[in-house]
Amino acid sequence: MPSRPSSAPLWRHPLARPVAALALLLAVAAASVPGFLHLEIKDGHLYGNLIDILHRAAPLMLAALGMTLVIATRGIDVSVGAVVAIAATVGCVLVGSQGLALAIAAALGAALLCGLWNGLLVSALGLQPIIATLILMVAGRGLAQLLTDGQIITVYEPASFFWLGGGYLLGLPVSLFVVATVAGLTALLMQRTALGLFIQTVGINPVAARLAGVRTAAIVFFVYVYCSLGAGLAGLMIASNIKSADANNAGLLLELDAILAVTLGGGQLSGGKFSLAGSLVGALIIQTLTSTIYALGVPPQVTMVVKAIVVFAVCISQSSIWSRRSA
């Protein structure tokens, strides 16, 4: 995507408002909760609320990266949470008996099959994305519950399985390195190949893209597969962190948070415009808001209301009407 002229004001940069919203949330938390921004080193590991926010936001950031590409093609994937549950369940069921490598491969393979299913329904059969992915949203979580007989599967070994979601590397959570790697590879794929331009073109005008020779069906198929793979990796990370697979609650409503993260980061549901960095910032906004609300001791029954108000304010600040008035 073309970059903005260097002479443009900094506040007009696409990431300006999301970053400002994140900074404001952190400032409010720091002013309201003593020691919220405090960091310390224990046993060679870095601890603090900021590290917790990054760590807990990691699964959402993985899901948001895939959702970004789906939304960029004018699509939507509401099956992300179900794919998380399936991958987490498959991984936990197999890791004790079949070993870590096979369990991870099987979990990602199950996520890949979910992506192939969604991709075929949308790109080959022409179903509306929300309808196509809604099928898997309902059936997928039911399938995960069948695999566990409705029970929570707890994992006790191998210890290496817990490293992905709860381990540390160079003093920081491993989950941060996983997100950084996936985000970096995705950015390279979008910026160093024609794929990013094709995705943007399909989102802006799929008919014109097809007439120009772009294989729109293949592009749409790819983004759904990619999205499911990201959700599968997020499912493994969640299962590794809590050392269990809960088919009922794993990834519950994660797809809505992923969609919200994309929109908070400046992505447009109408397609075409997308920002990987913006989606990551959007995920951090959601997690920072959640952590701040809990730290302030806000009653659970009003937590969602407070969250909705803040999100509404951020979205309004990024609307086209607001942008025209502030120009």
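How far apart do the end C-alpha atoms of residues 219-238 lie?

The model is predicted: local features need pLDDT of at least 70 and side-chain atom pairs count only at pLDDT 80 or more, while totals for chains, interfaces and linings use all residues. Residues are numbered from 1 along each chain as its sequence is written, and side-chain values use heavy atoms, with hydrogens and water left out.

View 1. Residues 219-238 are 100% helix and 0% strand, with end C-alpha atoms 29 Å apart. For residues 119-140 the content is 82% helix and 0% strand, and the end C-alpha atoms are 15 Å apart. Helices (H or I, at least four residues) and strands (E, at least two) are DSSP runs, numbered from the N terminus.

View 2. Threonine 133 belongs to helix α5 (residues 129-148). Its relative accessible area is 0%, so the residue is classed as buried (under 20%; 1.4 Å probe, protein chains only). Beyond neighbours within four places in sequence, the contacts of threonine 133 include Ile76, Asp77, Asn118 and Tyr224 (heavy atoms within 4.5 Å). The threonine 133 side chain also lies 3.2 Å from the backbone nitrogen of valine 78.

View 3. Strands β1 (residues 39-42) and β2 (residues 45-48) run antiparallel and are joined by 4 bridges; pairing requires at least two DSSP bridges. Lysine 42 has histidine 45 of β2 as its bridge partner. Between the strands are 2 residues, and aspartate 43 in this hairpin adopts a positive phi near 55°.

Note on methods:
Buried < 20%, exposed > 50% of the residue type's maximum accessible area, 1.4 Å probe, protein only. Polar contact = N/O pair within 3.5 Å; in protein donor to acceptor, adjacent residues only side chain to side chain.
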